[in-house]
Amino acid sequence: MHSTTFAEALLDRTAAFADTVTGADPDTRVPTCPDWPLRVLVGHIGQAHRWSAGIVRSGPSPVPDPRDADPGAPQHWADWLRQGAEDLAESALDAGETPVWTFFGEQPAKFWLRRMLNDTTIHHADAALATGTAFTVAPDLAEDVLTEWLEMLANPVTASLKPGFAELRGTGQTLRLHPDQGDGWLITREPDGVRWTRAADPADVTLAGPVQDLLLVLTRRRPAEAVTITGDRALADHWLAHTAA
């Protein structure tokens with residue numbers, strides 16, 4: 001997608017996240033972020049957007065602790081969240097194709113638009129679960145969140161950042177993610193890491209369902225039973241047990 005498309009989607013998804021948390025108890029526990037109350041989740045989103053904007057403008061800085069973020073009083077959360085998203089969008093669009101720092105080497109600034117859009121999308125699901133409200137995501141966005149997730153898992157740098165992901169290595173075992181539309185994804189666990197492609201080939205285990213459900217199961221926001229699993233269930237369970245996001 002073009003940078004402008006990512007920027008617009010980031011603003012929209014941030015507004016949806018803000019709507020979900022507005023009026024909620026700041027001390028509500030977030031079940032899929034078990035150490036966080038809702039106020040820390042809100043702080044993380046606004047903090048991450050501002051941190052990413054700072055990277056685009058000035059280069060890398062230490063990853064901040066979400067517990068250090070101050071989103072202000074709950075009645076001001078929506079404005080604070082919007083301002084952070086706008087800061088990132090404006091910084092990235094101004095940077096254009098200028099390479100900026102990322103965890104995976106220098107890339108155009110739209111890397112951070114996409115990364116924060118997808119992170120905000122997953123955390124919107126967290127907020128919805130915590131507040132008992134509905135969560136929906138457009139199929140094209142859900143598809144991109146899944147694709148980016150697999151891109152990161154397949155990048156050798158990721159295992160150095162989160163050593164537990166090394167457990168995903170294998171000896172050629174295959175998993176297929178089969179959405180109700182399109183070919184989906186074929187994942188291969190190889191000795192040196194994860195490989196994936198867009199394909200409809202058969203696999204040792206297949207997870208099938210609407211792309212939103214696949215996204216929420218693969219990011220462990222819904223139980224595996226939310227999709228249909230055929231084939232080697234132990235292989236699917238092992239994958240899910242070692243991909244906590």
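1. Ile187 stands opposite Trp196 in strand 5. Strand 4 and strand 5 (residues 193-198) pair in the antiparallel sense through six bridges, and two residues separate them in a hairpin. Pairing here requires at least two DSSP bridges between the strands; strands (E, at least two residues) and helices (H or I, at least four) are DSSP runs, numbered from the N terminus.

2. The model is a predicted one, in which local features need pLDDT of at least 70 and side-chain atom pairs count only at pLDDT 80 or more, while totals for chains, interfaces and linings use all residues. Residues are numbered from 1 along each chain as its sequence is written, and side-chain values use heavy atoms, without hydrogens and water.

3. On its other pairing, strand 4 joins strand 3 (residues 173-179) over five antiparallel bridges, with Leu186 as the bridge partner of Arg176. Five residues lie between these strands in their hairpin, where Gly182 has a positive phi near 90 degrees. Of the six residues of strand 4 (185-190), five are buried, that is, under 20% relative accessible area; exposed is over 50% and partly exposed lies in between (1.4 Å probe, protein chains only).

4. These strands belong to an open, mixed sheet of five strands in the order 5-4-3-6-7. Strand 5 and strand 7 are at the edges with a single partner strand each, so one side of each has no neighbour in the sheet. From one strand to the next, the twist averages 20 degrees. Helix 7 packs on the sheet, touching strand 3, strand 4 and strand 6 (205-209), and its direction makes about 125 degrees with that of strand 6. Contact means heavy atoms within 4.5 Å; axes are lines fitted to C-alpha atoms, for helices over the stretch in contact, with angles from 0 to 180 degrees between N-to-C directions.

5. Arg220 occupies the loop between helix 7 (211-218) and strand 7 (228-231). Phi of Arg220 is positive, near 65 degrees. Most residues other than glycine have a negative phi. Arg220 counts as partly exposed because its relative accessibility is 40%.

6. Helix 8 (residues 233-241) lies across strand 3, strand 4, strand 5, strand 6 and strand 7, and runs at about 85 degrees to strand 3.
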